[in-house]
Amino acid sequence: MSNRIYLLPLWIRLWHWSNALLIILLAITGFSLHFADPKLPLVEFALAARIHQIAGIALVALYSLFVIANIISGNWWQYVPKPPGVLQRCWIQAKWYMIGIFKGEPHPYRVSEEQNFNALQAISYWVIMYMVMPVVLLSGLIFLYPDFAPDRLFGFDGLLPVAIVHYITGAAIVIFMIVHIYLGTTGSTVTSMFKTMINGWHEGDH
Amino acid sequence: MFINWRQILTRLLLIAGIGGGVAWTAHAEVDTATIEKNRKANEVCFTCHSAAGIARPPKAGMDMSKLKDSRVDTHVFNGSDHGVMDCRECHSKNYYGENYPHDPAGKTATSPCTECHAAKVLRLEPQFNASVHAKIQGVKEKFTCNTCHNAHVNVVQKRLKDPAKIVAQDNHGCLECHNSNETFAKFAPDNEKTPGQKKIRPDIDTIHEWLPNAKAHWKAVRCIECHTPEVAEGKMLSHEILNKEKAEKKCLSCHSSDSSLKTRLYRHLVKDEQQRLGFTNSVILSNSYVIGATRHPLLDKAIIGLVLLALAGVLTHGVIRLIAALRRKGKKQ
């Protein structure tokens, strides 16, 4: 049975694509800066540093707006996996990704206005947006204002732990992005979820 | 840089290989008794040429304001490389003693640095002559070693050890002129566009606008890391100061695993490099996190491995999905 509902208001779609653009810019320039090497010319270093700073500050502003808009609109509730049976629903969803999808089985959950995401989606989005993202942004801000970093730590520059945390959390977001883009093709058709993210309408058999 | 007959003689002796006996005055090489003797002798000079002396003139009616340019911080001087020496080694003996205030000529009656540092000057002079300070007409003549290297303050890199202190000391030498209109004007050449007027000091922030995090750089590295040409490993930094057109602008010369900081600011520490906790360039990391230079190869491999694993995972999943979908389609038909 076809399911057509208006799922995503304009502000979420605008936030999503701006967020995506900034993260892609930050990932490319961050990679260029960290793996800087004359034998591996990517984005020119000074340019990469400028873009990374500007995009980073823009992402901090965008994230702040996202949090405020989530609180005002009540959208934050979508990210909370609702009991009972959260673990069981996660397992059913994982099994569908591992086995059911290859057999052409229908999606194991039905999208509704009340529940946009499946349990695995809700948990992973929650972890990325409310745990990883604040850490990567905060460590990035300390990078920008290194006077806030400890002066020295274990005989090294105090910026080192900040840099490592920024690197690991940044990489976690890149890995999330790769999987997220791919799972975007697992809708009713390969492109249906991307269309939803553009026009806001969910269409499909789940 | 003036040359007198004694310098010519020293140079000839050096060339002939007999004049190597320059008077090294590093702290470690001067015995305690000599240091004590010299410091006792210097107290006579510091009666006037110190903050305490100026505050409490030894004689009534002395105009101590004349000493504002020849005041020495005794504590700093004693810790400096020349702090083990008798003032009279460099300043004329003719003005020593209690017959003060002495003739103002004493201020300029100073031995040239080549008296002791002949071999070094011989090696560095061609570099200095190629430097921006020597190439601008009317500026070269105003320069002595002391213009950049304060003989009453400076400590050699090897003895100072801490890179942060080296940066503060060496950048002070540059910024004393390049961040002060008053001092810059003393050396400034004529303005090319408006003859008869002195060149205006370019604003240091404006000319470094291209450099990301300029202020963070100035705390962490010296001006000369970029404003001198690269030298071979183990060699002393060049005295050829480069202007803004010729200065290093390739960030990667420092921000890469083969960072030139190893042969520059950290050259005295590089022999201690032990890749602490597995970090590349851990001697640099002891003072500064330099993105691109201070990496952990194992962490990099783990991160790249995880990203590749994610890519390979979704690619494999996608291919299997495609094959499964095609097979289902085939069966239906």
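**From one residue to the interface**

Start with B:Ile284, which touches B:Ser259, B:Leu261, B:Tyr266, B:Val290, B:Ala293 and B:Thr294, leaving aside residues up to four places away in sequence. Two residues are in contact when their C-beta atoms, placed from the backbone, lie within 7 Å.

Some housekeeping. This is a predicted model, where local features need pLDDT of at least 70 and side-chain atom pairs count only at pLDDT 80 or more, while totals for chains, interfaces and linings use all residues. Residues are numbered from 1 along each chain as its sequence is written, and chains are lettered from A and ligands numbered from 1 in the order in which they are written.

Where does B:Ile284 belong? It is among the residues with the most contacts inside the largest nonpolar core, along with A:Leu33, A:Phe45, A:Ala163, B:Leu261, B:Tyr289 and B:Val290; that core has 32 residues. A nonpolar core is a set of buried Ala, Val, Leu, Ile, Met, Phe, Trp, Tyr and Cys residues joined through C-beta atoms within 7 Å. Buried means that 20 or more other C-beta atoms lie within 10 Å of the residue's own; 12 or fewer is exposed, and in between is partly exposed. H5(A) gives the largest share of this core, seven residues. A second, separate core of five residues includes A:Leu22, A:Ile23, A:Leu26 and A:Leu59.

Now the two chains. The contact takes 25 residues from chain A and 26 residues from chain B. On the chain A side, H5(A) again gives the largest share, nine residues. That side divides into 19 nonpolar, three polar and three charged residues. Here Ala, Val, Leu, Ile, Met, Phe, Trp, Tyr, Cys and Pro count as nonpolar, Asp, Glu, Lys and Arg as charged, and the others, Gly among them, as polar.

How do H5(A) and H15(B) pack? Their angle is about 5°, with the axes 10 Å apart. Axes are lines fitted to C-alpha atoms, for helices over the stretch in contact, and angles run from 0 to 180 degrees between N-to-C directions. H5(A) and H15(B) are therefore roughly parallel, a term for angles under 35 degrees. Their contact has twelve nonpolar, one polar and no charged residues.

Last, chain A as a whole: six helices and four strands. Helices (H or I, at least four residues) and strands (E, at least two) are DSSP runs, numbered from the N terminus. Of the 206 residues in chain A, 21% are buried.

Terms used: Angles under 35 degrees count as roughly parallel, over 145 as roughly antiparallel, 65 to 115 as roughly perpendicular and the rest as oblique.
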